[in-house]
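Open the model in your viewer and keep the selection panel at hand. Each stop names what to select and what to look for.

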Amino acid sequence: MRLIHLGDIHMYRLAASPLHLLGKPLLGQVNLWLSRRRRFDLSLAPQVVKRIVELKPDRVLLSGDLTTTAQANEFADAARVLTPLEPYAPYLVPGNHDVYTYTAARQDLVRRYFPDWLPSRFSDLQTLGGRWHLLGLNSAVPRWLSSRGRVGEQQLTAARQQFASLEPDQGVVVVNHYALAKPPSMSAMHWDHRLADRDALLALLADCKARVLYLHGHVHRPWVWRREEPGMTHITDINAGSPKMTASEYPHGQAFRDII
C-alpha cells in the first residue's frame, strides 16, 4: 500500500476585490505582498501533482491549507491544480487557512469545492487495507487573529470509541492539520499557533493500542519524529512540509511524504 501525504499548498492570488479585503483577508493580503509571495512558488504546485501521479499511489491524504485566505478563487485554483489526483482516492481534512474567515467556514467552501474528498463525518474509522485504518480529524476553526485550532470533545469521544476496537498488531493513520508539538531539536510552537486541546488529543493517541502514524502540516517544516516518551513509542509524527515553500535549505520546495 502506497500513501502520499500532501499538505499546505497555500494557493493564493495577489489581486483581490475590495469586498474581499474586509477584516482578516486584508491581513492575509498584506502578508502575501510583504512576505509569503517571495517564499511560496505557485509554479511548483503542478509539478508536485505531476510527480504524485507518476508514483501511482493507492491513496492521497491531504492535511489541509489548500488556500491562503479561503477565498473562492483560491479554492477554484486548488481544485484545478489537484484534479489529476482524483483517481487516487483523495482524503482531505481542512486547515486553518481553509476556514480563514467566519464567512468561509459558514459557507463551508472547502466542502463545496471538494465535496467527495472530505469524509462525510470526521472521527469515522475507515479501513485502509490489511491491518491498517484511517481516521481524519477536523481541528480547523476560524479566528479573528490567532491561528489556534480545536478538535473538540465530540470528535475526541468518537475517536476514542473507534480506537477501542483496535489491537496491537493493527495500525491507524490519523490525519489532522495541526501539529501536536515540534521535535525536541526545534523551538516550541507559539501559543497562538497551537491546538487548544492538544493534550487531550495526545492522550487519546497514547491510549491507542495500535501503532499510530499521525500525519499533519501547519508547521512549514518536514519531519518524521518517532516519539520516545514513555507510553508514546508507538506514535510516529509525520509532517509533510509545504511543497511550494522555498528557502536555501529547500530550493525546490519541501515536497510531500511517500509512505509505503
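**Stop 1: the largest core**

This is a predicted model. Select Leu-6, Leu-82, Phe-114 and Val-173: among the 42 residues of the largest nonpolar core, these touch the most other members. Now colour the elements that give two or more residues to this core: β1, α2, β2, α3, β3 (91-92), α5 (109-113), β6 (171-175) and β7 (211-216).

Zoom in on Leu-82. Which residues is Leu-82 in contact with, leaving aside its neighbours within four places in sequence? They are Leu-6, Ile-9, Val-49, Leu-62, Leu-66, Phe-114 and Trp-117. A second, separate core has 23 residues, including Leu-135, Leu-202, Leu-204 and Ile-235.

**Stop 2: helix α2**

Select residues 44-55. At 1.5 Å a residue, these 12 residues should span 16 Å, and the end C-alpha atoms lie 17 Å apart, which agrees. Next, pick out the buried residues of α2: Leu-44, Ala-45, Val-48, Val-49, Ile-52 and Leu-55. Look down the helix axis: they fall within an arc of 135°, so they line one face of α2. Their cover includes β1 (3-6), β2 (59-62), α3 (72-82) and β10 (257-259).

**Stop 3**

α2 lies across β1, β2 and β10, and runs at about 170° to β1. Select the open sheet of four strands, in the order β3-β2-β1-β10, with mixed pairing. The edges are β3 and β10; each has a single partner strand, so one side of each has no neighbour in the sheet. β2 and β3 run parallel, joined by two bridges. Finish on Leu-62, whose bridge partner in β3 is Leu-92.

Conventions
Residues are numbered from 1 along each chain as its sequence is written. This is a predicted model: local features need pLDDT of at least 70, side-chain atom pairs count only at pLDDT 80 or more; totals for chains, interfaces and linings use all residues. Side-chain values use heavy atoms; hydrogens and water are left out. The expected span of a helix is 1.5 Å times one less than its number of residues. Buried means under 20% relative accessible area, exposed over 50%, partly exposed in between (1.4 Å probe, protein chains only). The arc is that of the directions from the helix axis to the C-beta atoms. Contact means heavy atoms within 4.5 Å. A nonpolar core is a set of buried Ala, Val, Leu, Ile, Met, Phe, Trp, Tyr and Cys residues joined through side-chain atoms within 4.5 Å. Two strands pair if DSSP finds at least two bridges between them. Axes are lines fitted to C-alpha atoms, for helices over the stretch in contact, and angles run from 0 to 180 degrees between N-to-C directions.
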